[in-house]
Amino acid sequence: MFNDIGPLELVTIVVLAVLVFGPDKLPKVIQDVMRTVRKIREFSESAKHDIRQELGPEFKDFEFEDLNPKTFIRKQLDNDELGLKEIRNGFDLKKEMAEVTDAVHSRDGESAAGSAGGSSGGRIDMTKKPEAPAADDRPPFDADAT
């Protein structure tokens, strides 16, 4: 419930509680809070039980946690009926990325790159170079832009 509260925040909450309620009233406040939390849990469990009872026997294995989209998708992807585990295990991301990198840098066939006759050691320069305008060419003039 409080997984993201660190020790410093917890100490701060305790100090604030002692300052606000005082050391003599603090145990009574803690008991009241715990009693309220317990009642809320009991109400939640009884509501879940009533919903399961109303849904009938065909939903006897229904879990309310499955209504969370992340949990539902995770449960469906872990289901072995679809065969997704074999696909996931058969896919090696590092190998695929290395193949793509080699293809981009044209390293897959050094003989093919050597026959291209490139002056950069068999590598193709794919950077975009600006074209230099000729000496007598003027840049285009747009009368509406000025």
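So, how many helices and how many strands does the chain have? The chain has five helices and zero strands, and from the N terminus on the elements run α-α-α-α-α.

Quick housekeeping. This is a predicted model, where local features need pLDDT of at least 70, side-chain atom pairs count only at pLDDT 80 or more, and totals for chains, interfaces and linings use all residues. Residues are numbered from 1 along each chain as its sequence is written, and side-chain values use heavy atoms, with hydrogens and water left out.

Confidence next. pLDDT is the predictor's confidence in each residue, from 0 to 100. The chain averages 77, and 70% of the residues score at least 70. Where is confidence highest, and where is it lowest? H1 is highest, at a mean of 91, and helix H5, residues 110-115, is lowest, at 44. Over residues 108-120 pLDDT stays under 50, and the model has three contacts for that stretch beyond four places in sequence; a contact here is heavy atoms within 4.5 Å. Where pLDDT is low, the predicted coordinates should not be read in detail.

On to H1, residues 7-55. This helix has 49 residues, yet its end C-alpha atoms are only 43 Å apart, whereas a straight helix would reach 72 Å at 1.5 Å a residue. That expected span is 1.5 Å times one less than the number of residues. So where does H1 bend? At Gly 22, by about 100°, and Pro 23 follows within four residues. The bend is the angle between axes fitted to the seven residues ending at a position and the seven starting there. Gly 22 is also buried, as are Ala 17 and Leu 26 in H1. Buried means under 20% relative accessible area, exposed means over 50%, and partly exposed is in between, with a 1.4 Å probe and protein chains only. After H1 comes Gly 56, with a positive phi near 100°.

Compare helix H4, residues 93-104. Its 12 residues reach 16 Å from first C-alpha to last, close to the 16 Å expected at 1.5 Å a residue. Ser 106 follows H4, and its phi is positive too, near 50°.

Now the salt bridges, meaning a side-chain nitrogen of Lys or Arg within 4 Å of a carboxyl oxygen of Asp or Glu. By that rule there are three. Lys 28, Asp 32 and Arg 35 are linked in a network. Asp 32 pairs with Lys 28 at 3.5 Å between the closest N and O atoms, and with Arg 35 at 3.0 Å. Lys 28 and Asp 32 both lie in H1, four residues apart, about one turn of the helix. Arg 35 and Asp 32 are three residues apart in H1, again about one helical turn. An α-helix has 3.6 residues a turn, so residues three or four places apart point the same way. As for cover, Asp 32 is partly exposed at 29%, Lys 28 is partly exposed at 47%, and Arg 35 is partly exposed at 38%.

Then there's Glu 63 with Arg 52, a salt bridge at 3.8 Å, N to O. Glu 63 sits in the loop between H1 and helix H2 (69-78) while Arg 52 is in H1, so the pair ties together parts that are 11 residues apart in sequence. Glu 63 is partly exposed at 35%, and Arg 52 is partly exposed at 27%.

Last, the whole chain: buried residues make up 8% of its 146 residues.

Note on methods: Helices (H or I, at least four residues) and strands (E, at least two) are DSSP runs, numbered from the N terminus.
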